[in-house]
Number of protein chains: 2
Amino acid sequence: MTTLQTQSLLPSVAIDCVVFGFHENELKVLLLKLKNIDLWALPGGFVNQGVDLDSEALNALEIRTGLDNIFLKQFHTFGSIERNDTDHNRMLVDKKVIDPEWFEWFDQRFISVGYYALVEYSQVREPIPGPISEACEWCSVNDLPPLMLDHRHILETAHMTLKTELNNQPIGLNLLPKRFSIPELQSLYETILGKKLDRRNFRRKVMSFDILVCTNERRTGVAHKAPLLYEFDEEKYHAAHQAGLSSGW
Amino acid sequence: MTTLQTQSLLPSVAIDCVVFGFHENELKVLLLKLKNIDLWALPGGFVNQGVDLDSEALNALEIRTGLDNIFLKQFHTFGSIERNDTDHNRMLVDKKVIDPEWFEWFDQRFISVGYYALVEYSQVREPIPGPISEACEWCSVNDLPPLMLDHRHILETAHMTLKTELNNQPIGLNLLPKRFSIPELQSLYETILGKKLDRRNFRRKVMSFDILVCTNERRTGVAHKAPLLYEFDEEKYHAAHQAGLSSGW
């Protein structure tokens with residue numbers, strides 16, 4: 001097992017990352033399968049004394065996904081006293097998920113700073129398991145395996161945040177391929193929101209944001225007439241992300 | 001000086017509260033004046049091992065303002081390594097702001113969970129100073145005194161969050177008296193946003209939210225014809241708060 005240098009870590013503080021990807025009309029999330037037990041966890045980690053919190057979240061993600069320079073957003077810090085569960089931690093030692101030496105470290109009360117990320121599914125080649133996990137896989141948010149501690153709550157809070165932010169921010173830049181059709185964009189929205197949207201209203205609304213550029217190309221190799229492909233105007237996209245999509249006051 | 005029972009506190013974690021009030025067309029914020037030095041701080045504190053993070057934020061606020069049951073929102077966790085400043089902490093000991101016994105505790109690296117609150121100015125009778133402060137006062141956000149560490153950055157981040165949320169959420173319930181005129185509500189928005197709004201557009205937009213109830217009364221004792229007074233429909237207000245004001249998808 002890897003040695004955990006706990007003396008260089010900030011006590012009481014953990015990080016959990018909810019990494020969303022979009023694939024075959026499903027919203028997926030990156031999860032770690034713990035060793036020796038049917039229990040899964042969000043990727044994350046601890047904070048080195050000499051490293052900024054936000055940088056540690058990016059580090060954790062880069063290690064698991066190989067992706068750097070991704071959109072990572074702090075969404076909530078989880079600080080309930082019930083997060084700590086000594087029985088659960090003993091069980092992890094019993095099952096040889098964590099080394100007995102680590103028990104004391106794992107069994108302290110942690111607050112966890114939650115981050116979410118939207119990544120392009122196709123660019124994450126092979127997620128890499130960590131020291132306490134044996135696999136790292138994309139799981140559908142609608143069919144989650146059993147998750148450790150409050151990780152399901154953290155994941156659901158991230159999903160809820162994403163839904164709310166859809167009302168005020170553009171989305172898609174890191175979830176879709178560079179070129180996409182309006183029906184593909186609509187499908188992304190429908191997947192995140194978990195409901196069907198009206199085709200014409202969706203098109204009208206999304207066009208009104210003025211963040212799409214039509215490439216005048218169509219996807220090749222499809223049987224019936226393929227829809228036009230679009231790209232995001234990245235400058236306008238980022239500006240809308242900053243300012244919000246609402247008309248404002 | 002009060003004894004700080006540091007052994008019962010969670011290491012590395014602090015709380016800072018940005019408490020906004022609205023008075024005489026100014027957005028104000030509650031600040032503590034440190035003892036023996038011209039330096040101010042946001043009210044906040046540390047987290048007891050046995051107490052939830054969110055409860056500690058409410059406790060800190062109740063102690064300073066006497067208000068309970070207030071709208072308190074976690075908005076960001078500040079985790080830069082530059083937050084820790086040993087020279088600054090030594091200076092606080094030299095100036096007898098903090099007891100030399102506390103130096104070690106204060107000089108650890110803290111991440112700080114930021115909360116903001118909107119309180120009705122008139123209901124906070126006399127803010128109460130804390131163990132390291134000699135006064136607790138409402139200061140205008142446009143004319144801030146010197147603030148310790150990164151407290152100005154925390155305050156400005158809270159203000160920015162509030163401005164952004166104005167696009168998606170109703171505001172006013174805890175900032176205005178129970179009954180208010182539309183011009184008074186507009187004045188609140190203008191103060192938070194730091195800009196003038198068009199009177200007719202504001203009225204039309206705010207009425208479209210369907211969260212106001214007209215009382216058919218007017219403020220008495222004003223010379224010219226007084227505007228009608230409104231109240232929030234609290235049920236609709238809270239529903240809009242949950243769902244967001246945008247039309248949604």
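The paragraphs that follow treat the single chain, the contact between the chains and the salt bridges.

This is a predicted model, in which local features need pLDDT of at least 70 and side-chain atom pairs count only at pLDDT 80 or more, while totals for chains, interfaces and linings use all residues. Residues are numbered from 1 along each chain as its sequence is written, chains are lettered from A and ligands numbered from 1 in the order in which they are written, and side-chain values use heavy atoms, with hydrogens and water left out.

**One chain**

Let us begin with chain A. Its secondary structure comes to 7 helices and 10 strands; helices (H or I, at least four residues) and strands (E, at least two) are DSSP runs, numbered from the N terminus. The C-alpha trace of chain A spans about 60 × 45 × 30 Å along its principal axes. Of its 249 residues, 54% count as buried. Here buried means under 20% relative accessible area, exposed over 50%, and partly exposed in between (1.4 Å probe, protein chains only). Two residues are in contact when heavy atoms lie within 4.5 Å. Among contacts in chain A between residues at least 6 apart in sequence, 73% join residues at least 24 apart.

**Two chains together**

How many degrees of rotation superpose chain B on chain A? A rotation of 180 degrees does so, with 0.0 Å of shift along its axis and an RMSD of 0.0 Å. The two copies are therefore related as by a two-fold rotation axis. The superposition is by least squares on the C-alpha atoms of residues with pLDDT of at least 70 in both copies.

At the interface, 36 residues of chain B are in contact with 36 residues of chain A. Because 100% of the interface residues of chain B are also interface residues in chain A, the copies meet through the same surface. About 3,000 Å² is buried between the chains, and carbon and sulfur atoms give 55% of this area. Buried area is the accessible area (1.4 Å probe) that two parts lose on being put together, summed over both. Arg109(B), Asn167(B) and Trp249(B) supply 30% of what chain B buries against chain A, more than any other three residues.

**Salt bridges**

Side chains of opposite charge can pair when their charged atoms come close. A salt bridge is a side-chain nitrogen of Lys or Arg within 4 Å of a carboxyl oxygen of Asp or Glu.

| Pair | Closest N to O distance |
|---|---|
| Arg83(A) and Asp16(A) | 3.9 Å |
| Lys73(A) and Glu165(A) | 3.1 Å |

Arg83(A), in the loop between strand E5 (72-78) and helix H2 (86-94), and Asp16(A), in strand E1 (residues 9-23), are 67 residues apart. Are these two residues buried or exposed? Both Arg83(A) and Asp16(A) are buried.

Lys73(A) in strand E5 and Glu165(A) in helix H4 (residues 151-165) are 92 residues apart. Lys73(A) counts as partly exposed because its relative accessibility is 22%, whereas Glu165(A) is buried at 18%.

In chain B, Glu190(B) is buried, with a relative accessible area of 14%, but Lys196(B) counts as exposed at 73%. Finally, Lys178(A), Arg179(A), Glu217(A) and Glu231(A) are linked in a network of salt bridges.
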